[in-house]
Amino acid sequence: MTNLDFIYNRKSIRQFKDTHIPKEDILELLKAATFAPSPKHQQNWHFVVLQNPEIINEMADIVTKSHEKIGELAKTEKDKKRHMSVINYYTCFKDAPVVVLVYACEYKMIEYKILKENDAPQEILDVLESPQSGAQGIGAAVENFLLAATEMGYGTCYMTGPTHAKTEIEKLIGFDKPGYELMSMISLGVAEDNTPAQPPRKPLEDVVTFID
Ligand SMILES: Cc1cc2nc3c(=O)[nH]c(=O)nc-3n(C[C@H](O)[C@H](O)[C@H](O)COP(=O)(O)O)c2cc1C
């Protein structure tokens with residue numbers, strides 16, 4: 001039997017021990033990330049590694065403020081409550097010893113250029129863009145990182161929630177790579193003991209269709 005434990009044992013970790021992560025391990029995980037497939041092999045990613053607890057904490061404060069600001073705009077108390085109920089899921093990187101910010105640049109599609117130069121209607125251009133291939137490549141890279149981390153005994157959480165504060169986060173860390181934008185974050189560390197179990201999956205028959 002193929003051993004896929006490194007897939008089945010992965011779960012999102014939101015509480016971490018205060019354990020230092022060696023740089024060579026971080027580099028190994030980033031290397032694993034870059035071995036992911038990417039559309040037309042454009043490798044449209046860039047990774048920013050944060051290890052300074054003050055910066056990580058400040059980033060959590062920034063996300064909290066941005067989250068509260070959005071909450072204030074809610075038209076009903078119900079929406080506000082619902083929005084605020086996820087705040088811990090958007091800031092749970094704050095105790096992680098490492099946070100990797102994942103940036104992406106635009107995925108360049110020749111077919112898009114050709115059709116656009118021929119004044120193709122927006123619906124046709126939208127169809128080309130709808131697979132969001134650039135974002136899919138980032139997802140593949142992040143997943144490689146998460147699975148490699150599981151295999152190496154580390155806990156991780158894949159996060160996009162905090163990106164609503166991306167402008168403020170970019171200002172805080174002072175990273176500016178023209179053409180690149182923050183897509184997601186990965187918190188990394190040694191998992192705290194007794195973290196919540198992995199949530200159950202939908203049964204395969206609900207999510208799979210065989211067409212013979
Ligand atoms: C694209 C993406 C974005 C996510 N964003 C967040 C997030 O902002 N905060 C968080 O706590 N978890 C986030 N998650 C983790 C999911 O909540 C988690 O994967 C899901 O609940 C299944 O749990 P498991 O990872 O333990 O199997 C995200 C996962 C994905 C794939």
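Axes here are lines fitted to C-alpha atoms, for helices over the stretch in contact, and angles run from 0 to 180 degrees between N-to-C directions. Helices (H or I, at least four residues) and strands (E, at least two) are DSSP runs, numbered from the N terminus. The model is predicted, so that local features need pLDDT of at least 70 and side-chain atom pairs count only at pLDDT 80 or more, while totals for chains, interfaces and linings use all residues. Residues are numbered from 1 along each chain as its sequence is written, and side-chain values use heavy atoms, with hydrogens and water left out.

**Exercise 1. The chain as a whole**

Task: State how many helices and strands the chain has, and in what order the elements run.

Solution: The chain holds 10 helices and 4 strands. Read from the N terminus on, its elements follow the order α-α-β-α-α-α-β-α-α-α-β-α-β-α. Along the principal axes, the C-alpha atoms fill a box of roughly 55 × 55 × 35 Å. Of the 212 residues in the chain, 35% are buried, where buried means under 20% relative accessible area, exposed over 50% and partly exposed in between (1.4 Å probe, protein chains only). Among the contacts (heavy atoms within 4.5 Å) with a separation of 6 or more, 82% join residues 24 or more positions apart.

**Exercise 2. H2 against H8**

Task: Describe how the axes of H2 and H8 are placed, and find which residues of the two helices meet.

Solution: Two packed helices are described by the angle between their axes and the distance between the axes. The axes of H2 and helix H8 (residues 133-151) come within 7 Å and cross at roughly 140°. Angles under 35 degrees count as roughly parallel, over 145 as roughly antiparallel, 65 to 115 as roughly perpendicular and the rest as oblique; H2 and H8 are therefore oblique to each other. The crossing of H2 with H8 is right-handed, a crossing being left-handed if the near helix is turned anticlockwise from the far one by less than a right angle, and right-handed if clockwise. On the H2 side Leu-29, Leu-30, Ala-32 and Ala-33 take part, and they meet Ala-141, Asn-144, Phe-145, Ala-148 and Ala-149 in H8. By class, the residues of this contact of H2 with H8 divide into 8 nonpolar, 1 polar and no charged, with Ala, Val, Leu, Ile, Met, Phe, Trp, Tyr, Cys and Pro counted as nonpolar, Asp, Glu, Lys and Arg as charged, and the others, Gly among them, as polar.

**Exercise 3. Two partners of H3**

Task: Work out the orientation of H3 to H9 and of H3 to H4.

Solution: Helix H3 (residues 53-72) packs with helix H9 (residues 166-173) at an angle of about 155°, the axes being 10 Å apart, and H3 and H9 are therefore roughly antiparallel to each other. Their crossing is right-handed. The contact is made by Ile-55, Glu-58, Met-59, Ile-62 and Val-63 of H3, together with Glu-168, Ile-169, Leu-172 and Ile-173 of H9. This contact of H3 with H9 has 7 nonpolar, no polar and 2 charged residues.

For H3 and helix H4 (residues 77-84), the angle is about 165° and the axes are 9 Å apart, so H3 and H4 are roughly antiparallel to each other. The crossing of H3 and H4 is right-handed. Here His-67, Glu-68, Ile-70, Gly-71 and Glu-72 in H3 meet Lys-80, His-83 and Met-84 in H4. The classes in the contact of H3 with H4 are 2 nonpolar, 3 polar and 3 charged residues.

**Exercise 4. Gly-155 in its strand**

Task: Find where Gly-155 lies and which residues Gly-155 touches.

Solution: Gly-155 is part of strand E3 (residues 155-159), and Gly-155 is buried, with a relative accessible area of 5%. Not counting residues up to four places away in sequence, Gly-155 touches Ile-13, Phe-16, Ser-187, Leu-188, Gly-189 and Ala-191.
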